[in-house]
Amino acid sequence: MTSQDRQTGTDRRLRPLVGLVVVLAGIAGAVSVAHLPNYGVLAATFLWPALISLVTLGFIVKVQVRIRSTNHRIAWTETAIVVGLAVAPSPVVILATGFGVAIATTLIPLPPIKRCFGIGKNMLVATAAGLVLQLFQWPPTNSDIISTIVPLAAAYLAAVLLDELVTLPVIAMATGTSLGKLFREDWDLRLTATVARLIVIIGTVLTIRTDIRMLLAVPPLVLSLNLLYLTRVRSRTEQQAWQRLAQTTDALNVVELDEVLTTAVTRAAELFSADEVEVELRDAARLVRGNSDGISYDGPTAEAPDATGAVVPAPLEGHDRSIDVGVLRLRFRGSVQLTERERYTLRTFASALCTAVRNAQAYAELARVAQAHAHAAAHDALTGLANRRHLLDEGNEQLHKRHADGVTALVLIDLNHFKEVNDTLGHAAGDQMLIRVAERLRAAARTDDLVARLGGDEFAVLLRTLPAPAVAAHRAETLLAALHEPFDIEGMQISVEASGGIAIAPAAGGMVELLRRADVAMYQAKRAGQRVATYAPARDTADLGRLTLGGELPRAVADQEFVVNFQPIVDLGTGEVIAAEALARWRHPTHGMIDPLRFLETVERSGLLPAFAEAILDQALIAAGTWRDAGFDIPVAVNVSPRSLLDARFPGAVLARLRAHDLPPDRLMLELTETLTLSQLDVVDQVLTRLRDSGVRLALDDFGTGYSSLSLLSRIPVHELKIDRSFVTAMESSAEAAAIVRSTLDLGRSLNLAVVAEGVERDPQRLALWELGCVAGQGHLFARPLAAGALLAALQRGTAGRPGHLATALHDAGAVVRLPPGRRQGGRGRHQPA
C-alpha cells in the first residue's frame, strides 16, 4: 500500500465527521446571513476588514507540532473570534470567521478536506462563543471589570472546549494515536497558553472599548504574542526531547540483547513519533520491528515481511565510525522531514544503541563462555554425561528435600572386562564403546534421572522421586538390559557385560555415603556373579553404624560385652567332635547380639585390639578347660587378626594365657586369614615361627580365596588348611569348584596338612567330601554356633547314645572302608599333639 493509498483511506474515514462539521457550520452561516445588522459605511470600510484580517492572521500564525508523519498546527483563531465577538454582533463575526479562514487556507495551500474542516470548525467555535455571550446579555450594561471579564472568560472557555472536542478526534483518527494520549500530551503547556490568550482577550477588549479603532492594533499584538509563545513551545519541546533521549539511553543500559532491542524499538517510536521502528543487526542477520505498543517481528532479516512508508535510516556505528553493527530505521506513513534537532537526536540515539548492542553482545559471549566452563566442569568431556562432581551436587540437593519428593536411589554400573576392549582394539575403540554405553543409558533412563560417568568404565544413575524402594531394582534391571544387545564398534559386534549396585539414600551421610554403598553393592554383585545386587548393611564392612559402634568399644571391653560362641568341627566319617572354632559376638545392651562382620574391622583399627583379642582368647581357653574337665579334651580354634601378627609381643601374650588356664599349647589352634600382610612382612614370619615352636597349632582359613596361596604355604608354618565355604557350596554344581576342593585335599596330603571343609550344610556334601578324602568338616549340618555350656551339653548328650558325637557315622563299626590312594588316616590326629 502506497502513502497516497493510506492517505485516501484516512480521508475516507474522516469524511463523515468533517461533513457533519461543515453541515453545522453551513446552518450557522445561513442563520447569520439572515440576522446581519446594517452597519453601513463603518462596517464596510473598517469593521469587516478588521475582523476578517484578525481571523486570517490568527489562523496563519501557528505553532507547528509533528505527530508521526502528520504536522499539526496550533492557531490563535479562538482569540481573534472572541475579540471580534466583544465588539461586533455574532452574525458578523461568524461570517467574518468563515471568510478569514477561507482566505488563510488559500494563502496556505491545504487539501480540500482540511480546508473545509478548518472553515466549518472555526465558524462553529464562533457560534458557540457568541451564544455564550448572548446568555450573559453582552454587551454588559455596567462598565465594571467583573461584568466584562466573566462573559469573555466563559465565551473563550466554550470556544476552547469546542475546538478540543472537534479537533482531537480528527487528529487521533488521522494519526492512529489514542485520544487520551493526545488529551494528556502537553496539557500544562496548553493550559498556560489558554490563560495567556484569555489575558490578551481581556486586555484587548478593555483597550478597544475606549476606541474601536484600536482594533487595528490587535493583529500585530497577536502576532508578537504568538511568536513569543512559539519560542517557548520550541524551547519546551527541545527540553522534553533531550530528557526523553536521556531516559531512553539510560533504559538501553541493560545486559540482555533482547531487552536492548525491545527498548530501542519501543522507545524510538515514542522519541521520534515514528509509525514504526526497526533495528537490523548485520552479523546476526537479525531484524527487530515494532512500534510504541510492542514488537511485531523478531527474526532473520531475510524472512522479515515487507514494510512500506518513508524511511529515515541511521547507521549503528561508534563515535569514530570504525564499527558498524547494523542500522536503525524510522518508518513513517507519509513524507517526513526531520528538523536539525531531531537529526542530531537520531544520531545520538543510534550511537548509544550501537554501544548498548556491543555491550550486550559482549555480555552474552561472556555468559556463553562461563556457561561452557560451568558445563565442562560438571560434565564428562567424552560422553557429555554428568561427572562425579555434578552427581554429588545434584544428589546432595535431592537428599535435602527427600521427604517431599519420594525415595532417592543410586545405581552404580561397572563394565566387566572393558580393559580387554582397550587392549585389543585400542583406546579409540574403547572411547567409542563408552560413548555408545552412555547413549544407551541416557535413552533407558527417565527424565528425572541423572546419568553420570564417574571415570573409566564406571557409570552411575541417580534415581529420583521413586514411589517405593523396591522400584529401584526394577529400574536398575532396565538400565542394564539396555546394554545387553551387542555394540557395533569398528565393524565388529562386541557384547558388554556389566555389574550394577543399588543403594537407597541413607538417613545420614549424604551423597558420599550413598555412592559408597552403591559401590559396595556393585562389588557384591561381581563376587556373587549376579548382574545386579542391592546394598545389604549386614554385608558391609564399613557401614556408618559400625563407626558409631566404634565409640562404644572401650565400654564393651571393660564390661565384658564380647562373648564367644563355638561351632564344632567333626570327623566326617564318624561324626565325632574333634575341635571347636571360637566365634566372637557382641552382646550389646541396646542392639542385642551383633555379628562380628559389623565390628571386627573397627576393632582392628582401634587401639583396643590387644584387649579384645585377650578377652576372646580367655573365653576360648576357659571353655576348652571346662570341656577337658568334663572328659572332652578337644582343641579350640581362635581367629587371629593380621594386625595382631604385626605385634612382636603377641606370642608371649598367647603363651601367658595358656599357662594361666593350665592348657598345653597344642590345645590351641590359631586360624589365619590369607592377606598380603602375611606374605610380605618378615615380622609375621618371626611371630608365627615362635608360636609354632612353642607348640601352638596354626591353620590357614578360607584357603584359595586370598593372595598367593601356594607362596604363603612355603613361608608360613601351618598345620591345617580350611576350605572356604563358597567352594563347598558350589562343588556339586560346579566342576571348577569341585576341582579346587580336590586339589586342596591333594595339596594337604602332599604337605602332610590336615584339611577341614567349612560350610557343610547337607548330607550329600558330607558324603562327597568324605569320598574325596576330606577327614574333617564344620557347618550347620552338625551344629550352629553354640555357647560353651550349650556345646558341652550337646557333647554329653551325643547322637545315638554316643557322647562326643554330633552325627551318625557314615559306616558301621568294624566295616571295611576303601580309601582313595594316598588318603591319610587319623583326621583327629591333626588336632592332637604331633
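**Entry 1: Glu561 and its partner**

I looked up Glu561 and found a relative accessibility of 9%, so Glu561 counts as buried (buried means under 20% relative accessible area, exposed over 50%, partly exposed in between, with a 1.4 Å probe and protein chains only). Its side chain meets that of Arg555 in a salt bridge, 2.9 Å from N to O. By salt bridge I mean a side-chain nitrogen of Lys or Arg within 4 Å of a carboxyl oxygen of Asp or Glu. Arg555 has a relative accessible area of 30%, so I noted Arg555 as partly exposed.

A note to myself on the source: this is a predicted model, where local features need pLDDT of at least 70, side-chain atom pairs count only at pLDDT 80 or more, and totals for chains, interfaces and linings use all residues. Residues are numbered from 1 along each chain as its sequence is written, and side-chain values use heavy atoms, with hydrogens and water left out.

How many salt bridges does the rule give? I get a count of 27.

I then picked Asp647, which forms a salt bridge with Arg649, with the closest N and O atoms 3.1 Å apart. Asp647 is partly exposed at 23%, while Arg649 is exposed at 66%. I also found a network: salt bridges that share partners join Glu278, Glu280, Arg289, Arg329 and Arg331.

Next came Lys526 and Asp414, whose side chains meet in a salt bridge at 3.0 Å, N to O. Lys526 sits in helix 16 (residues 510-528) and Asp414 in strand 8, so this pair ties together parts that are 112 residues apart in sequence. Helices (H or I, at least four residues) and strands (E, at least two) are DSSP runs, numbered from the N terminus. Lys526 is partly exposed at 29% relative accessibility, and Asp414 is buried at 11%.

**Entry 2: the sheet**

In which order do the five strands of the open sheet stand? I read the order as 9-10-8-13-14, with mixed pairing. Two strands pair if DSSP finds at least two bridges between them. Strand 9 (450-455) and strand 14 (532-534) are at the edges with a single partner strand each, so one side of each has no neighbour in the sheet. From one strand to the next, the twist averages 20 degrees. A reminder for me: strands of a sheet pair through backbone hydrogen bonds, either parallel or antiparallel.

**Entry 3: around strand 10**

Strand 8 (residues 407-416) pairs with strand 10 (residues 458-466) in the antiparallel sense over seven bridges. Asp414 has Glu458 in strand 10 as its bridge partner, and Ala409 stands opposite Leu463.

Strand 9 also runs antiparallel to strand 10, joined by five bridges. Here Leu450 stands opposite Leu462. These two strands form a hairpin with two residues between them, and Gly456 in the turn has a positive phi of about 60 degrees.

Helix 14 (residues 427-444) lies across strand 8, strand 9 and strand 10, at about 10 degrees to strand 10. Contact means heavy atoms within 4.5 Å; axes are lines fitted to C-alpha atoms, for helices over the stretch in contact, and angles run from 0 to 180 degrees between N-to-C directions.

Why is strand 10 largely enclosed by the rest of the structure? Eight of its nine residues are buried.
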